[in-house]
Amino acid sequence: MSERTESVTVDEARREIAGGGTAVDVRSEEEWSEGHVPGAIRLPDGDPEAGTKPLEKGARLLVIAKDGKLAVKAASSLAEQGYDAVAVEGGMDDWVSEDFNIQPTVDPDEDTELGLT
C-alpha cells in the first residue's frame, strides 16, 4: 500500500459519484443532518461497522468530511482495511461552495432512530 492516501477534488468526486462511486460521509450526526452528498453512506468516525448501510468490497469510496485532513485520515483507515477509498479534498465546505446538490436528512426531529417512542 502507498504511504499517501489518494485524494480527489470535489469536482472529480462529483463525477465519480455520478458514475457509480460511493460517497462516504464521516462527519458528526449534526453535520450530516444539516446536509450531505445525495445517496451518501454515513460512516461515523470512518468505522465500516457503524455505517448507515454496509460498504461494498470493491466499490470506489469517496470519503468526505468537514475538511480534507479528516477525510484523508478516514480514507487511509478504510484503505488499510482493504477498501478502495480516496479522500475528497476540501470536504463538505468545498462541496457546498461549488453549489453541488446536498440532501438534508428527511426529518432531523424524528425520534424513531433513537429508539424512542
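Ala23 stands opposite Leu62 in β4, and Val24 is placed opposite Val63 of that strand. Strands and helices here are DSSP runs, numbered from the N terminus, with at least two residues of type E for a strand and at least four of type H or I for a helix. Before going further: this is a predicted model, where local features need pLDDT of at least 70 and side-chain atom pairs count only at pLDDT 80 or more, while totals for chains, interfaces and linings use all residues. Residues are numbered from 1 along each chain as its sequence is written, and side-chain values use heavy atoms, with hydrogens and water left out.

Back to the strands. β2 and β4 run parallel and are joined over four bridges; two strands count as paired if DSSP finds at least two bridges between them. β4 also pairs with β5, residues 84-88, in the parallel sense over four bridges. There, Leu62 stands opposite Val86. Between β4 and β5 the chain passes through helix α3, residues 68-80, in a right-handed β-α-β crossover. Right-handed means that, with the strands pointing away from the viewer, the path from the first strand over the helix to the second runs clockwise.

What is the strand order of the open sheet? It is β1-β5-β4-β2-β3, five strands with parallel pairing. β1 (7-8) and β3 are the edge strands, each pairing on one side only. α3 packs on this sheet and touches β4 and β5, and its direction makes about 175° with that of β5. Contact means heavy atoms within 4.5 Å; axes are lines fitted to C-alpha atoms, for helices over the stretch in contact, and angles run from 0 to 180 degrees between N-to-C directions.

Is β4 mostly covered or mostly open? Four of its five residues are buried, where buried is under 20% relative accessible area, exposed is over 50%, and partly exposed is in between, using a 1.4 Å probe and protein chains only. In strand β2, Thr22 is buried as well, at 18% relative accessibility. Leaving out residues up to four places away in sequence, Thr22 touches Ile41, Ala59, Arg60, Leu61 and Leu62.

That brings us to Arg60 and the salt bridges. The structure holds eight of them, a salt bridge being a side-chain nitrogen of Lys or Arg within 4 Å of a carboxyl oxygen of Asp or Glu. Arg60 forms one with Glu6, the closest N and O atoms being 3.3 Å apart. Glu6 is in the segment before β1 and Arg60 in strand β4, so this pair ties together parts 54 residues apart in sequence. With a relative accessible area of 44%, Glu6 is partly exposed. Glu16 also bridges to Arg60, at 2.7 Å from N to O. Here the link runs from helix α1 (residues 10-18) to strand β4, with Glu16 and Arg60 44 residues apart. Glu16 is partly exposed at 25%.

Through shared partners, Glu6, Glu16, Arg60 and Asp84 form one salt-bridge network.
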